[in-house]
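Subject: The structure you asked about

Hi,

Here is the structure I promised to pass on. Have a look at it first, then read my notes below.

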Amino acid sequence: MTSTIAVARPEVRLATPVLECRNIGKEFPGVVALSGVSLTIRSGEIHAFLGQNGAGKSTLVKILTGVYRADHGDVLVDGEPLRFRDPRDAEANAIAIVHQDQPLVAQLDVTRNVFLGREITRTGGVLDLSTMRARTADALRQVGATFDADTLVAELSVAQRELAAIAAALVRKPRILILDEPTASLSDNEAELLFGIVRSLRDAGVTIIYISHYLDEVLDLVDRVTVLRDGKLVATMDVGETSRAGIVQMMVGRDIEQLYPKETIAIGEPLLEVRGLAQGNMLRGVDLDVRRGEIFGIAGLMGAGRTELALSLIGALPRSAGSVMLRGEPSSPASPRAAKREGFALIPEDRRHEGLVTDMTVRENLTLPELSRFSRFGIIGFRSERATATSLVERLRIQPPNLSQLTRNLSGGNQQKIVIGRWLAGDAEVFLFDEPTTGVDVGSKVEIYKQMIELARRGAAVIFISSDFEEIAGMSDRIAVMHKGRINKLFQPGEATPETLLYWASGSADEVMPNADADASPADDAATQMPSATAIASGAEMAASQSFWARWGTIGGMVVVLTLIAILAPQFLSLNNIFDVLKQGSVLAFIALGLTVVLIAGGFDMSAGAVSQFTTNLAAGTMIAGMGSAAAIGLGALIGLLAGAINAALVLVFGMPAFVATLGAMFVAMGATLLYNGGQALTLSNQPSFFFIGQGYIGPVPFVLILLLLATAILHFVLKHTRLGLRMYAVGQNLVAAELRGVGRARYATASFMIGGLVLGLAGVILASYAYGASALATGIDFLISALAAAFLGSTFNRAGELNVVGTLIAALFLASLSNGLILIGISSQALPGIQGIVLILSIALGVIHKRGIGQVLIF
């Protein structure tokens with residue numbers, strides 16, 4: 001992205017340093033990230049940190065914002081040495097940051113993301129959502145966002161997420177604002193608006209630290225620059241004292257005489273032919289041919305349909321109309337996996353979420369799409385896999401060259417090299433590069449360009465999608481310009497300039513020549529060959545239908561199932577049976593609620609059913625001993641809390657995987673149950689006050705159902721309307737985003753285990769009341785399976801696909817109704833566990849399908 005803004009810079013107050021770094025050093029295993037970095041940031045200036053990916057810029061700003069702690073050296077704010085323990089310490093000193101990769105929680109709305117870690121609360125930690133929403137709306141207006149404060153982040157584009165992240169920084173009213181690649185995902189108009197905001201903040205006295213690989217905008221915008229290379233400070237100087245060429249030379253340690261190393265390669269026959277391709281309202285009849293050995297550029301602004309074109313070609317988005325031919329054969333892959341088999345390879349725009357598994361190593365990510373090449377009978381040949389990965393690391397110059405390094409710890413440029421490298425070992429022939437140089441330094445860009453040239457040289461077709469018109473003009477053979485879902489201009493090799501590409505991409509030609517005839521190529525008259533209005537409308541209706549079924553299909557299916565049961569077993573709808581189902585379902589729902597609370601914070605609890613079964617026995621034994629209902633309830637709650645605390649300690653203190661830890665806890669609870677009851681059922685009689693909990697009525701309504709609705713309402717309020725609940729959701733859904741906001745996992749995961757344990761303990765007491773005692777069985781595995789099914793089935797009821805207690809309640813009552821109905825129509829009770837397992841699998845599958853519907857899919 002380039003900027004041509006020329007503005008007068010105000011005089012910077014030279015004698016007022018607001019931030020100083022003195023001899024900062026930081027090392028990671030095998031990597032010296034920073035060494036002896038000393039610099040001064042002046043109050044009220046825009047100061048750029050520049051350097052290649054891996055130079056140490058991101059590490060430095062993470063030290064300045066409390067994400068990392070320096071191994072040695074000092075950070076001074078207003079002359080006072082400070083040690084930031086976490087990002088909240090930095091924010092307390094009015095330092096805010098917008099991170100490069102927009103770490104937001106996709107399932108939460110914009111308001112909750114903006115205030116995560118700095119929530120506005122009333123008494124008791126209750127969120128002041130009206131104030132938070134109003135301030136978020138003000139910040140969104142400041143950054144020119146077109147979405148509102150209630151929009152789910154999962155529904156935002158990459159560029160919109162960037163605007164939401166900037167808004168989150170602005171509401172904190174920072175004195176020092178760090179912007180890490182803020183324009184990497186923005187259109188030119190959005191970038192211009194951001195520059196205006198940055199200048200306004202500087203004029204108001206805010207100090208801006210600006211990190212960008214777009215050198216033209218840096219030269220236009222900032223007051224001073226600091227260049228880092230290999231973790232060391234190269235120079236700090238006024239922007240007027242340097243030039244683009246000088247900065248590049250300092251960044252890479254050598255002259256880069258040719259930023260766009262395009263070579264002349266023989267162009268072969270057409271490999272990919274697209275005719276009349278439509279995708280809802282985003283693609284409106286696209287025609288293009290791409291030949292072997294060709295780098296075919298697709299230029300356009302945000303929303304032009306470029307990414308939708310790529311996703312439609314690989315089967316990640318459904319096509320409304322049109323045809324695609326690959327090697328002269330029809331191509332209509334049903335999924336990205338099918339597209340891979342056909343010979344497509346996508347380097348996606350959002351590399352962290354769609355191109356990488358960041359918790360895997362460099363080796364694992366590089367070889368993931370081609371594991372079948374290294375495997376025999378499902379067993380990976382690690383020697384050949386490692387050799388291939390080593391070759392790719394050397395070929396792409398990935399730094400550090402450590403195959404065991406976690407991908408999440410690499411710089412953006414090296415992550416992008418891995419996304420590209422994973423396809424180089426395969427047999428793909430059509431490579432789709434979607435904004436491959438976003439957030440990538442000059443040196444890494446050249447490496448990426450060279451790989452594109454190499455792919456073209458070996459006879460592949462390279463489709464290069466970019467909104468950086470300078471690079472697309474410099475690297476492409478032919479270039480198609482997209483605007484509002486159509487190709488409105490096709491440039492032959494050497495014809496395009498950045499200015500002409502912008503002219504056509506912005507729709508200026510449509511305004512000047514609305515009725516102009518095009519005669520150069522099929523692409524030029526794409527508008528005349530677009531599908532009919534009926535076809536486009538049907539595509540939009542299809543997309544709307546998919547959205548509808550994603551949210552309401554599950555409920556519709558449940559209604560159909562219950563209706564069929566009612567037809568086959570008329571007694572299913574009798575009042576007595578309905579009340580019995582409600583009581584039975586309420587017991588299951590309590591266990592499912594406890595499990596859901598644990599799952600929400602990213603935990604898992606295999607011991608849920610066994611703990612409830614244990615407290616059932618304890619409650620029955622307490623009543624037999626004549627200690628009364630209050631003692632039974634209190635003991636059940638205490639044991640539940642204790643079980644939750646033990647599980648939390650095993651997972652968080654001892655670092656055990658949640659599945660393993662709670663599986664062990666399950667067996668302990670089973671053993672404790674058998675020791676307590678001696679393998680005998682504990683039967684209660686003549687305990688009317690205790691039986692009232694599980695079997696009594698208030699009017700026509702079962703008392704246990706009232707308890708369930710009350711418990712669900714309390715949990716829903718805590719989870720959705722309090723700081724505790726918001727942070728539990730955050731650590732469960734995006735731990736990286738939570739930690740960058742100063743929200744640690746330990747406290748909120750512990751809270752989820754203990755609240756869940758409390759509910760599970762009370763569920764056991766209710767079960768003892770409902771069942772007139774406790775059975776001799778100790779596992780509670782049937783409750784666990786049904787509770788898991790209820791939790792995952794309930795997550796499909798809302799647009800975010802998130803776990804929630806209201807959905808769990810509805811699903812639990814449905815599952816109880818299903819079990820009851822199946823027995824009434826003659827299904828053996830021995831078959832019920834198998835049916836419960838099938839329902840669990842279907843519930844999880846529905847959750848996965850729903851997440852795909854809202855874009856949460858890793859594309860290989």
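Let's begin with Ala94, which counts as buried because its relative accessibility is 17%, and the cut-off for buried is under 20%. Before going on, keep in mind that this is a predicted model. Ala94 sits in the loop between α2 (87-92) and β6 (95-98). Its phi is near 65°, a positive value in a residue other than glycine. Most residues other than glycine have a negative phi, and that is what made me stop there.

Lys173 is another case: its phi is near 50°, again positive in a residue other than glycine. You'll find Lys173 in the loop between α5 (158-170) and β7 (176-180). Is Lys173 buried or exposed? With a relative accessible area of 70%, Lys173 is exposed.

Now the overall picture. The protein has 31 helices and 26 strands. Of its 860 residues, 56% are buried. Take the contacts between residues at least 6 apart in sequence: 72% of them join residues at least 24 apart.

What about the nonpolar cores? The largest one has 142 residues. Leu50, Leu177, Ile208, Tyr210, Val222 and Phe690 are the ones with the most contacts inside it. Helix α20 (residues 575-600) gives the most to this core, namely twelve residues. A second, separate core has 44 residues, and Leu356, Ile420, Ala460 and Phe464 are among them.

Leaving aside its neighbours within four places in sequence, Tyr210 is in contact with Ile46, His47, Ala48, Phe49, Leu179, Pro182, Thr183, Phe195, Glu217, Val218, Leu221 and Val222.

Leu19 has a relative accessible area of 2%, so it is buried. Which residues does Leu19 touch, not counting those up to four places away in sequence? They are Leu39, Thr40, Ile41, Leu64, Val75, Leu76, Val77, Ile176 and Ile209. Leu19 and Pro81 are 62 residues apart along the chain, and their C-alpha atoms are separated by 9.8 Å.

On to the helices. Two packed helices are described by the angle between their axes and the distance between the axes. For helix α25 (residues 703-721) and helix α30 (residues 805-824), the axes come within 9 Å and cross at roughly 150°. An angle over 145 degrees counts as roughly antiparallel, so that is what α25 is to α30. On the α25 side the contact is made by Leu708, Leu709, Thr712, Leu715, His716 and Leu719, and on the α30 side by Val805, Val806 and Leu809. Those residues divide into seven nonpolar, two polar and no charged.

Leu715 of helix α25 deserves a look of its own. Leu715 is buried, because its relative accessible area is 9%. Setting aside residues up to four places away in sequence, Leu715 touches Leu593, Val597, Ile755, Val759 and Val805. The C-alpha atoms of Leu715 and Asn804 are separated by 9.4 Å, although the two residues are 89 apart along the chain.

α25 also packs against helix α24 (residues 688-695), at an angle of about 65° and with the axes 5 Å apart. Phe692, Ile693 and Gly694 of α24 meet Phe703, Val704 and Leu707 of α25 there. This contact divides into five nonpolar residues, one polar and no charged.

At 1.5 Å a residue, the 25 residues of helix α22 (residues 629-653) should span 36 Å, and the end C-alpha atoms are 35 Å apart, which agrees. The buried residues of α22 include Ala632, Gly636, Ile639, Gly640 and Ala643. What covers the buried residues of α22 includes α21 (608-624), α23 (658-677), α24 and α28 (745-770). α22 is followed by Gly655, whose phi is positive, near 70°.

The check works for helix α29 (residues 781-794) as well: its 14 residues should span 20 Å, at 1.5 Å a residue, and its end C-alpha atoms are 20 Å apart. α29 is mostly covered, with ten of its 14 residues buried. Among them are Phe783, Leu784, Leu788 and Leu793.

Cheers

Note on methods:
Residues are numbered from 1 along each chain as its sequence is written. This is a predicted model: local features need pLDDT of at least 70, side-chain atom pairs count only at pLDDT 80 or more; totals for chains, interfaces and linings use all residues. Side-chain values use heavy atoms; hydrogens and water are left out. Buried means under 20% relative accessible area, exposed over 50%, partly exposed in between (1.4 Å probe, protein chains only). Contact means heavy atoms within 4.5 Å. Helices (H or I, at least four residues) and strands (E, at least two) are DSSP runs, numbered from the N terminus. The expected span of a helix is 1.5 Å times one less than its number of residues. Axes are lines fitted to C-alpha atoms, for helices over the stretch in contact, and angles run from 0 to 180 degrees between N-to-C directions. Angles under 35 degrees count as roughly parallel, over 145 as roughly antiparallel, 65 to 115 as roughly perpendicular and the rest as oblique. Ala, Val, Leu, Ile, Met, Phe, Trp, Tyr, Cys and Pro count as nonpolar, Asp, Glu, Lys and Arg as charged, and the others, Gly among them, as polar. A nonpolar core is a set of buried Ala, Val, Leu, Ile, Met, Phe, Trp, Tyr and Cys residues joined through side-chain atoms within 4.5 Å.
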